[in-house]
Structures are given as structure tokens and as C-alpha cells.
Amino acid sequence: MSDDPDRDDEDDRSVDASGTFRFETRAIHAGQEPDPETGALMTPIHANTTYEQDAPGEHRGYEYSRTANPTRTDLEANLADLESGTHARCFASGMAAINTVLNLLESGDHVVAGDDVYGGTHRILTQVFEGYDVETTFVDTTDHEAVAEAMRPETELVWVETPTNPLMNVNDIEALSAIAHEGEALCAVDNTFATPYLQRPLELGADVVCQSLTKYLGGHSDTIGGALVVDGDGLDERLGFYQNSVGATPGPFDSFLVLRGTKTLPVRMDRHCENARELARWLEAHEAVDRVYYPGLESHPQHELASEQMDDFGGMLSFELDGTLEQGSTVVSETEVFTLAESLGGVESLIEQPAAMTHAAIPREERLAAGLSDGLIRVSVGIEHVDDMKADLQRAFDAAL
Ligand SMILES: *Cc1c(COP(=O)(O)O)cnc(C)c1O
């Protein structure tokens with residue numbers, strides 16, 4: 001799937017547990033039998049709250065749609081399969097999924113998390129769960145000694161994201177899972193940027209995988225959703241208890257939209273990766289650009305780890321414009337193929353300036369120390385023609401510099 005010479009052609013995501021079907025086939029068929037009553041190929045949108053019982057307590061698998069809904073069940077079966085897990089639980093947003101992992105904690109417990117985790121994850125840890133006496137230590141998760149040192153007897157969870165936002169740091173899932181397990185903590189991996197097509201944390205030792213379905217899995221910027229996937233019954237039962245008790249579940253229409261998205265995940269991701277690789281190389285050679293952050297470039301500090309851990313390098317990249325905050329703002333305002341917007345993972349290309357948008361709340365000195373320069377620009381590379389993207393950026397550079 002990749003034309004990059006240092007990529008390994010052996011495709012180890014190829015077969016499922018029964019050893020039969022490859023990822024591309026499972027993306028379309030896993031969890032999606034034709035409707036037994038009508039033969040309809042596509043999972044119906046079960047817009048429905050309650051279910052007839054044959055006798056009190058005797059139902060056909062469904063009682064009430066917060067607890068379970070057939071459209072959601074099919075999506076959960078599909079995602080469990082794609083993430084190489086046994087069970088998936090879907091939520092109304094990625095944050096609702098993350099909240100549910102944190103629901104496993106009790107007051108007095110401790111969390112170790114990456115110092116560049118998603119902003120919403122940082123916020124819920126510091127502004128919600130700290131209030132429940134769950135403390136988090138944020139560390140550089142590429143530094144395994146620092147992670148091991150941050151572990152305490154009361155550490156119950158290690159939270160890992162890879163690649164991270166916006167500098168595309170790559171974290172070693174296998175090594176971090178081992179550190180977590182040594183301390184008898186769970187390891188959770190936010191797999192939103194890579195998707196299961198490129199990276200399957202459960203195969204590398206993680207205990208729970210989190211997805212914002214809003215991004216690549218939905219893939220069309222038209223629905224918000226989240227998912228958790230595990231391998232084994234025990235943890236799934238605990239997560240299911242909180243899924244039902246807290247109740248932040250997705251509706252059937254949202255579940256349907258994500259199911260529609262997962263079918264084309266492999267072909268979309270192949271094009272996202274191909275375009276991002278081409279654009280990263282073009283930017284790296286461009287005189288207006290100081291530095292490009294993309295795990296697929298040999299200049300990326302963790303390129304080797306990314307090559308081992310991921311099947312390809314994804315559609316997200318950042319670059320440092322050789323210019324001021326204002327010039328960066330002009331670039332992101334001038335582009336037409338790249339829409340100025342937060343979020344990522346849809347078929348359309350998006351562009352944003354962390355220093356003025358997603359990371360504007362961080363004081364400038366602190367922001368610069370974290371490697372987020374004024375001229376840093378992040379793009380979600382879509383599946384439009386890459387030549388149109390280059391021409392668009394060139395026009396914006398000419399207008400700004
Ligand atoms: C968007 C995102 C989330 C949160 O998901 P929502 O669906 O917006 O709630 C979590 N993690 C990462 C890496 C994300 O990009």
C-alpha cells in the first residue's frame with residue numbers, strides 16, 4: 001500500500017482471528033450481516049427507544065436504546081474487529097469515551113499521561129477529575145525513564161497518545177504498556193490520529209483503545225462520536241456499566257454514519273497517507289519552511305519507531321513557516337483548498353495555526369518552550385489532488401511572505 005522504500009510490505013493486519021479475511025474486507029463486512037427479516041444489506045437506522053418483551057424480562061437482546069440499540073451494536077462489532085479486540089463500546093463523542101475510561105478510577109488514584117495529549121484530555125484530567133481527587137502527572141512519554149519515575153503505587157492508568165498533536169511525536173505503545181503493567185496499571189491508547197488501519201494498540205499490549213469517531217472513522221466531518229475497544233470480557237463489563245449508567249451513548253443515525261465511514265476507511269487512509277507524504281516532502285524542500293513534522297519523513301526523530309509500529313504514517317502533519325505569527329495567520333486565511341478550521345480526519349483538507357487557535361490559551365513563553373513556534377501550521381491532509389494542495393499553499397505563501 002505504500003511506495004516508501006523503507007516500508008515493510010508484509011501486511012500483518014491482514015487477517016482476522018479466524019484467519020480468513022483481511023482488514024479491507026472486514027471494514028466492509030465485520031458485524032454487518034444483511035437484515036434477517038428483509039435482506040437489506042445495510043444496517044437499518046433503528047430510530048427506536050424501547051423493545052417488546054415476550055414475558056417480563058424475556059427480551060430478544062434489546063430492552064431500551066440507551067443500554068443497547070441494534071444500529072450501535074453493529075457499529076460496535078465492526079470497530080471491535082478492526083481494532084483487533086473482542087468488545088467495543090460507542091459513545092456520543094470521543095470525550096465521552098475518554099470520560100468512561102476515567103470512570104474506572106477512584107478518588108486517591110493517580111494517572112500518568114503524556115505532556116502533549118489532546119487538549120480535551122488534558123482539560124478533563126486537570127479540571128474535572130482532579131476535583132474528584134484523581135491526580136495526573138504529565139510527562140514526556142517518549143522518555144521511558146521519566147514515565148517509570150512518574151509511576152506511583154497508586155497509579156492505576158497510563159494514558160498514551162500517538163502520534164501526538166501538533167508535533168507528531170511518536171510514542172512506543174509496547175514499551176509504555178510494559179511500564180504500565182509493571183506498575184499494575186492499565187494502559188489506554190488514544191488511537192484517533194493513526195486509526196486501526198495503521199496501528200492496532202491492543203496487539204502491542206495496550207488494555208483499552210480510545211477513538212474519536214468524529215475524525216477518520218466517520219471520515220466526512222458530519223458526525224461526532226467516540227469508541228472504546230478492549231480484548232476480554234472483564235474490562236468490557238466495567239466499561240459497559242459506566243456506558244449505561246452515565247448514558248452518553250450515540251443515537252442510531254450517528255452510529256449509521258460512522259458505519260458508513262468505516263467501510264471506506266482503508267481507501268481513504270491510503271490516499272490521506274499518500275498525499276501527506278508527498279506534501280511533507282514538498283514542504284521540507286520549500287524555502288519558506290523551516291521544519292516539517294511528519295513521522296513518514298526520515299528527518300522525523302522517531303521515524304524508525306513509527307515504521308515499526310504503524311503500517312503507514314497517516315494524514316496529519318505540521319510545519320514551521322519561516323515567518324511571524326501574523327504571516328502564519330495570513331497563510332491559513334489565504335488558502336482555499338485547505339479550509340481554516342479545527343478538527344481533522346475528514347476527506348477535505350483543513351489548516352490551522354496552533355499559536356493563534358488550538359493552543360492560544362498557553363502563555364507564549366511556555367508555548368515556545370513546548371516547541372510550538374509562532375509560525376507553526378498544522379494541516380489535516382485530505383484526499384483532494386495533491387497538486388492542488390501544493391498550488392494552494394504556494395499562493396498563500398506568496399501572499400504572506
Ligand atoms: C478530537 C479528539 C478527541 C476528542 O474527540 P471528540 O469526538 O471531539 O469528543 C480525542 N482525542 C483526539 C486525539 C482527538 O483528535
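**Reading burial, salt bridges, aromatic pairs and a cavity**

Trainee: Is Arg72 buried or exposed, and what is the relative accessible area of this residue?

Mentor: Arg72 is buried, with a relative accessible area of 1%. Please bear in mind throughout that we are reading a predicted model. The cut-off applied here is that a residue under 20% relative accessible area counts as buried.

Trainee: Which residue does the side chain of Arg72 meet in a salt bridge?

Mentor: The partner is Glu76, and the N to O distance is 3.3 Å. Glu76 also counts as buried, at 11% relative accessibility. Arg72 and Glu76 are 4 residues apart in helix H2 (residues 70–82), which means that about one helical turn separates them.

Trainee: How many salt bridges does the structure contain by this rule?

Mentor: The count comes to 16 salt bridges. A further case is Arg277 with Asp312, whose closest N and O atoms are 3.0 Å apart. This pair links distant parts of the chain, 35 residues apart: Arg277 belongs to helix H10 (residues 265–284), while Asp312 sits in the loop between helix H11 (303–309) and strand S9 (316–321).

Trainee: Where do Lys390 and Asp387 lie?

Mentor: Both residues lie in helix H14 (residues 386–400), 3 residues apart, or about one turn of the helix. Lys390 is buried, with a relative accessible area of 15%, whereas Asp387 counts as partly exposed at 43% relative accessibility. Salt bridges may also share partners, and in that way Glu52, Asp54 and Arg60 are joined into one network.

Trainee: What describes a pair of aromatic rings?

Mentor: Two quantities are used, namely the distance of the ring centres and the angle of the planes. By this rule the structure has 8 aromatic pairs. In the pair of Phe129 and Tyr132, the ring centres are 5.3 Å apart and the planes stand at 85°, so the pair is edge-to-face. Phe129 is buried, with a relative accessible area of 5%. Phe319 and Phe397 also form an edge-to-face pair, at 6.1 Å centre to centre and 80° between the planes. That pair links distant parts of the chain, 78 residues apart, with Phe319 in strand S9 and Phe397 in helix H14. Both Phe319 and Phe397 are buried.

Trainee: What shows where empty space is left among the atoms?

Mentor: A probe the size of a water molecule, rolled over the atoms, shows this. Here the structure holds 1 cavity of 30 Å³ or more. The largest cavity has a volume of about 40 Å³.

Trainee: Which residues line the largest cavity?

Mentor: The lining consists of Pro163, Met168, Phe193, Ala194, Met310, Phe313, Gly314, Gly315 and Met316. These residues divide into 7 nonpolar, 2 polar and no charged.

Trainee: Which domains contribute at least three residues each to that lining?

Mentor: Domain 1 (21–263) and domain 2 (265–400) each supply at least three residues to the lining of the largest cavity.

Notes. Residues are numbered from 1 along each chain as its sequence is written. This is a predicted model: local features need pLDDT of at least 70, side-chain atom pairs count only at pLDDT 80 or more; totals for chains, interfaces and linings use all residues. Side-chain values use heavy atoms; hydrogens and water are left out. On a 1 Å grid over the protein atoms alone, a cavity is a set of points where a 1.4 Å probe fits but cannot get out, and a pocket is an open set with protein on both sides within 12 Å along at least five of seven lines; lining residues have an atom within 4 Å of a point. Grid points are joined across faces, edges and corners, and a volume is the space filled by probe spheres set on the points. Ala, Val, Leu, Ile, Met, Phe, Trp, Tyr, Cys and Pro count as nonpolar, Asp, Glu, Lys and Arg as charged, and the others, Gly among them, as polar. Domain bounds come from an automatic or database domain assignment. A salt bridge is a side-chain nitrogen of Lys or Arg within 4 Å of a carboxyl oxygen of Asp or Glu. Helices (H or I, at least four residues) and strands (E, at least two) are DSSP runs, numbered from the N terminus. Buried means under 20% relative accessible area, exposed over 50%, partly exposed in between (1.4 Å probe, protein chains only). Rings of Phe, Tyr and Trp (its six-membered ring) pair if their centres lie within 6.5 Å; planes under 30 degrees apart count as stacked, over 60 as edge-to-face and the rest as tilted.
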